[in-house]
Amino acid sequence: KSIDLSQYCVLSTTPCSQQNISMTLAQDKVHPLVANRLSVSWPDSDSEKLELRLQGVEMDMGTVKYVLKKAESGRFESDIILPVCTSDSMTWVGQLTDGKTTVLPALRMER
């Protein structure tokens, strides 16, 4: 399947924003089986949690799901730990939602 990465917010330590929602990783590189903290600033959400679903682009690894818990008003966090794959690098694309609004994050994973 063909993915247009320009539609996605590629996550790193530099904040990336879609629809006034800002997403940041603790480390620029995502490695398999290594926790990387995802922080999201979602100012207008009254939700207690966000749901993140990610799918691999280059290889079908199924869907991985995460719940980001509210850390403080308008701020959500979770550790992202991705599974090991056989390739040296892989792109993960997904949907992050509070149940009303959805944004599209993407990650680059390297071994």
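Biologist: Why is valine 84 called partly exposed?

Modeller: Its relative accessible area is 43%, and the class lies between buried (under 20%) and exposed (over 50%), with a 1.4 Å probe and protein chains only. Valine 84 is therefore partly exposed. This is a predicted model, in which local features need pLDDT of at least 70 and side-chain atom pairs count only at pLDDT 80 or more, while totals for chains, interfaces and linings use all residues. Residues are numbered from 1 along each chain as its sequence is written, and side-chain values use heavy atoms, without hydrogens and water.

Biologist: Where is valine 84 found, and which residues form the nonpolar patch on the surface?

Modeller: Valine 84 is in the loop between E7 and E8, strands being DSSP runs of E with at least two residues and helices runs of H or I with at least four, numbered from the N terminus. Leu33, Ile81 and Val84 form the patch, with about 280 Å² of accessible area together, by the Shrake-Rupley method with a 1.4 Å probe, only the protein chains shown counting as cover for residues.

Biologist: What makes leucine 33 exposed?

Modeller: Its relative accessibility is 59%, so leucine 33 passes the limit for exposed. Leucine 33 lies in the loop between E3 and E4 and has a positive phi of about 65° although it is not a glycine.

Biologist: How do you know that glutamine 19 is exposed?

Modeller: Glutamine 19 has 56% relative accessibility and therefore counts as exposed. Located in the loop between strand E2 (16–18) and E3, glutamine 19 has a phi near 50°, positive in a residue other than glycine.

Biologist: What makes cysteine 9 and cysteine 16 a disulfide?

Modeller: Their S to S distance is 2.0 Å, and a disulfide is a pair of cysteine sulfur atoms within 2.5 Å, so the pair qualifies. A search of the whole structure finds one disulfide; both cysteine 9 and cysteine 16 are buried.

Biologist: Why is the disulfide of cysteine 9 and cysteine 16 given a handedness, and which one?

Modeller: The torsion about the S-S bond is about -110°, so this disulfide is left-handed.

Biologist: Which residues are in contact with leucine 96, leaving aside its neighbours within four places in sequence?

Modeller: Among them are Met23, Val40, Leu50, Leu68 and Pro105, contact meaning heavy atoms within 4.5 Å.

Terms used: Patch = residues over 30% accessible without salt bridge, like charges linked within 9 Å, V, L, I, M, F, W, Y side chains within 5 Å. Salt bridge = Lys/Arg side-chain N within 4 Å of Asp/Glu carboxyl O.
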